[in-house]
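Please look through the sequence and the model below before reading on.

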Amino acid sequence: MDYLEINGGKKLSGSISISGAKNAALPLLASTILSKNEVTICNLPDVVDIKTMLRLLENLGATYEYDGDCAKIDSSTINNSKAIYDIVRKMRASILTLGPLLARFGRCEVSLPGGCAIGQRPIDLHLKALEAMGANIEIKQGYVIATAEDGLKGATIIFDKITVTGTENIVMAAALAKGETKIINAAKEPEVVQLCEVLKEAGVEIEGIGSEELIIKGSDRELLDIKDISVIPDRIEAGTYLCAGAITNSKITLNNVNHSHLISIILKLQEMGFDFDLKEDAITIKPAVKIRHANIATSEYPGFPTDMQAQFMALALVANGTSVIEERLFENRFMHVSELHRMGAVITLNNNIATVEGGNELNGADVMATDLRASSALVLAALVANGITRVHRIYHLDRGYVALEQKLSSLGADIKRLKE
Ligand code: EPZ
């Protein structure tokens, strides 16, 4: 198994390019199930989760060629609608095949994803919405068995909670359903917006893109003509590198970003004392005179993303004063706290609220990655810790960050990947 060894205390400088967004690419790959033609998706991030989704599509009967950052996928050959446990257990986002498979074939079996490190993560809202569209759902031997022999029908769906992959699943299901589907309390994340835009370009009538109310007119099982796609830049990868610049109080530039997706992150960093230069698709973070503490509460887009909570906790450790961080989306997304404690961090936890004391010295230690974003927070803390930190179990990082150690070392960090 690989681990990262980081020798802290180096300033960063220079520029790197941000990769395509994993969480936009995953539903886009799943959406090819709805397509009658071959689809080329470019700006795909070279991370394990993307390969897992391609393997899942292949296992269903699709064929693909993967070259550089583009995949040419032909899902018209799919002849099997069972998403097997062996692949689904590796990646929860496999559930994104449920909506399109059911809409296209009128029947599918998708392994239940199970719990994960950041919380229970149920899929009840996905299932309830599909039932409202006429599906019959049974859970048998760990599989969701969904049937709608005469196809899905348009319905009005009100999500009790805003759900990103839930919205994406129902948007894809509605695209092939009979009649009109209204989704109320839909997610507005840029990744959801890109999926809707791609389907719209494929001929699906969708109103309200980017709002909390979507109206989708389905094709009644006629497959779509999905055009070639370029995945939007990864706002969470960009946010993580902005935190790398901030925690080391350095000036760095990120290319291939979309600032409008980063507003809540930029505003929080400004509140903490950092300044920015914005160009069309680049952003430069500049050192703060004094790093100020800040309070954070995670919420759905356009609020502060839960996927940036751990990285800002690392940053709060070098701020002046005490920061209060409230995690409102996932009940268990504080696994990084006990690992940060091993580096000397002073953080107290009270249910979903972490109180982070800034300004204490951090010291290198052996720490364990627990989930994707928690792992990146450990890397950030290691950049400013005294001496060597070894971050173990970095397969979590490899699921979502492209060449993290190469990008950080090109900015001047002392970081290497080694074998246990
Ligand atoms: C997506 O997960 C992202 N994953 C997550 O990214 C991200 O943290 C999350 O949205 C929130 O922004 C992908 O896009 C592939 P949700 P998702 O359904 O869709 C509750 C990363 O590190 N809920 O929006 O699974 C749920 O428990 C990750 O890249 C139900 O109760 O999240 C949570 O409290 C991890 N029932 C809230 O809704 C349901 O049926 C929001 O979750 C569905 C969700």
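## The ligand and its surroundings

Of the 21 residues around the ligand, those that come nearest are Leu 125, Thr 163, Thr 165, Asp 307 and Leu 329, where a residue is near a molecule or strand if one of its heavy atoms lies within 4 Å of it. The model is a predicted one, in which local features need pLDDT of at least 70 and side-chain atom pairs count only at pLDDT 80 or more, while totals for chains, interfaces and linings use all residues. Residues are numbered from 1 along each chain as its sequence is written, and side-chain values use heavy atoms, with hydrogens and water left out.

Thr 165 places a polar side-chain atom 2.6 Å from an oxygen atom of the ligand, and an N or O atom in the side chain of Asp 307 is 2.6 Å from a ligand oxygen atom. Leu 329 contributes through its backbone, with an N or O atom 2.5 Å from an oxygen atom of the ligand. On its own the ligand has 830 Å² of accessible area, of which the protein covers 89% (areas come from the Shrake-Rupley method with a 1.4 Å probe; for residues, only the protein chains shown count as cover).

The elements giving two or more residues to the shell around the ligand are α1 (22-31), α5 (124-132), α6 (164-176) and α12 (372-384), and α5 gives the most, with 3 residues. Helices (H or I, at least four residues) and strands (E, at least two) are DSSP runs, numbered from the N terminus.

## Helix α8

Helix α8 covers residues 235-247, and its 13 residues should span 18 Å at 1.5 Å a residue, which agrees with the 18 Å between its end C-alpha atoms; the expected span is 1.5 Å times one less than the number of residues. Because 13 of the 13 residues of α8 are buried, the helix is largely enclosed by the rest of the structure (buried means under 20% relative accessible area, exposed over 50%, partly exposed in between, with a 1.4 Å probe and protein chains only).

At the N-terminal end, Asp 234 caps α8 with a side-chain oxygen that lies 2.9 Å from the backbone nitrogen of Ile 236. Just after the helix, Asn 249 takes a positive phi of about 50°.

## Strand β17 and its partners

Strand β17 (residues 282-286) is largely enclosed by the rest of the structure, because 4 of its 5 residues are buried. Two strands pair if DSSP finds at least two bridges between them. Strand β15 (residues 251-255) pairs with β17 in the antiparallel sense over 4 bridges, and Ile 252 has Ile 285 as its bridge partner in β17.

Strand β16 (residues 275-279) also runs antiparallel to β17, joined to it by 5 bridges, with Asp 277 opposite Thr 284. A hairpin of 2 residues connects β16 to β17.

## An open sheet

Elsewhere, 4 strands form an open sheet of mixed pairing in the order β6-β7-β9-β8, with β6 (82-83) and β8 (136-140) as edge strands that each pair on one side only. Strand β9 (residues 143-147) runs antiparallel to β8 and is joined to it by 5 bridges, and Ile 137 stands opposite Ala 146 in β9.

Note on methods. A polar contact is a pair of N or O atoms within 3.5 Å; within protein, one must be able to donate a hydrogen and the other to accept it, and residues adjacent in sequence count only if both atoms are side-chain atoms.
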